[in-house]
Amino acid sequence: MRAFVTVGTTSFDELVSRVVANDCVQVLKSLGYNQLVLQIGRGTVVPEPFSTESFTLDVYRYKDSLKEDLQQADLVISHAGAGSCLESLEKGKPLVVVVNEKLMNNHQFELAKQLHKEGHLFYCTCRVLSCPAPVSLLLVLLGSARILQPCRNCNCLLPRP
């Protein structure tokens, strides 16, 4: 199975770093993913592509179209750009949107929240939670099989008991 990560034309080094971290790769592997494709835009974090018997990491900056990568993906992890979100949803792909909190006047959060409210996707940020369990919400989303509920303490999404 293939997971595809896209940051569009922007730079979102925090997402790229987080998704290639060993704990995240291990969660992906445990869920049956054997390939991770990263579209890193103009970021400064450039992971080294590799291939082992059980897992492959492919990395590129830009392509004329993400259509093929989206079509082949079993899961899309995307920045919260409207174009990336809508293109992924049009392809009917499971979508986890990661909001870049460092953007000023962040309308991406509003878009992600509304699309989540309508049942189209899950969203999170890259920061580590101070909430019940000190884990990245991205890991919670990837490992929770989409069975989530709002946390009473901070309104993030956590697995249902």
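Let's zoom in on strand 2, starting with Gln 35. Gln 35 sits in strand 2, which covers residues 35–39. Is Gln 35 buried or exposed? The cut-off for buried is under 20% relative accessible area, and Gln 35 comes in at 18%, so it counts as buried.

Who does Gln 35 touch? Skipping its neighbours within four places in sequence, its contacts are Met 1, Arg 2, Ala 3, Phe 55, Thr 56 and Asp 58. Take Met 1 from that list: it is 34 residues away from Gln 35 along the chain, yet their C-alpha atoms are separated by 6.4 Å.

Now widen the view to the rest of the strand. Gln 35, Val 37 and Gln 39 point one way from strand 2, while Leu 36 and Leu 38 point the other way, and all are buried. Because 5 of the 5 residues of strand 2 are buried, the strand is largely enclosed by the rest of the structure.

So what lies alongside it?

Strand 2, for its part, pairs with strand 1 in the parallel sense over 5 bridges. Thr 6, for instance, has Gln 39 in strand 2 as its bridge partner. Strand 2 also pairs with strand 4, again in the parallel sense and over 5 bridges. Here Leu 38 has Val 59 in strand 4 as its bridge partner.

Strand 4 (residues 56–60) pairs with strand 3 in the antiparallel sense over 2 bridges, and Phe 50 stands opposite Leu 57 in strand 4. Elsewhere in the sheet, strand 5 and strand 6 pair in the parallel sense over 4 bridges, with His 79 standing opposite Val 98 in strand 6. In strand 6, Leu 95 and Val 97 point one way and Val 96 and Val 98 the other, and all are buried.

Let's step back to the whole chain. It has 6 helices and 9 strands, and buried residues make up 48% of its 161 residues. Of the contacts with a separation of 6 or more, 51% link residues 24 or more positions apart.

How far should you trust the picture? The mean pLDDT of the chain is 77, and 76% of its residues reach 70 or more. Over residues 128–137, though, pLDDT is below 50, even though this stretch has 25 contacts in the model beyond near neighbours in sequence. Residues 155–161 also stay under 50, with 32 contacts beyond four places in sequence. Where pLDDT is low, the predicted coordinates should not be read in detail.

Note on methods
Residues are numbered from 1 along each chain as its sequence is written. This is a predicted model: local features need pLDDT of at least 70, side-chain atom pairs count only at pLDDT 80 or more; totals for chains, interfaces and linings use all residues. Side-chain values use heavy atoms; hydrogens and water are left out. Buried means under 20% relative accessible area, exposed over 50%, partly exposed in between (1.4 Å probe, protein chains only). Contact means heavy atoms within 4.5 Å. pLDDT is the predictor's confidence in each residue, from 0 to 100. Two strands pair if DSSP finds at least two bridges between them.
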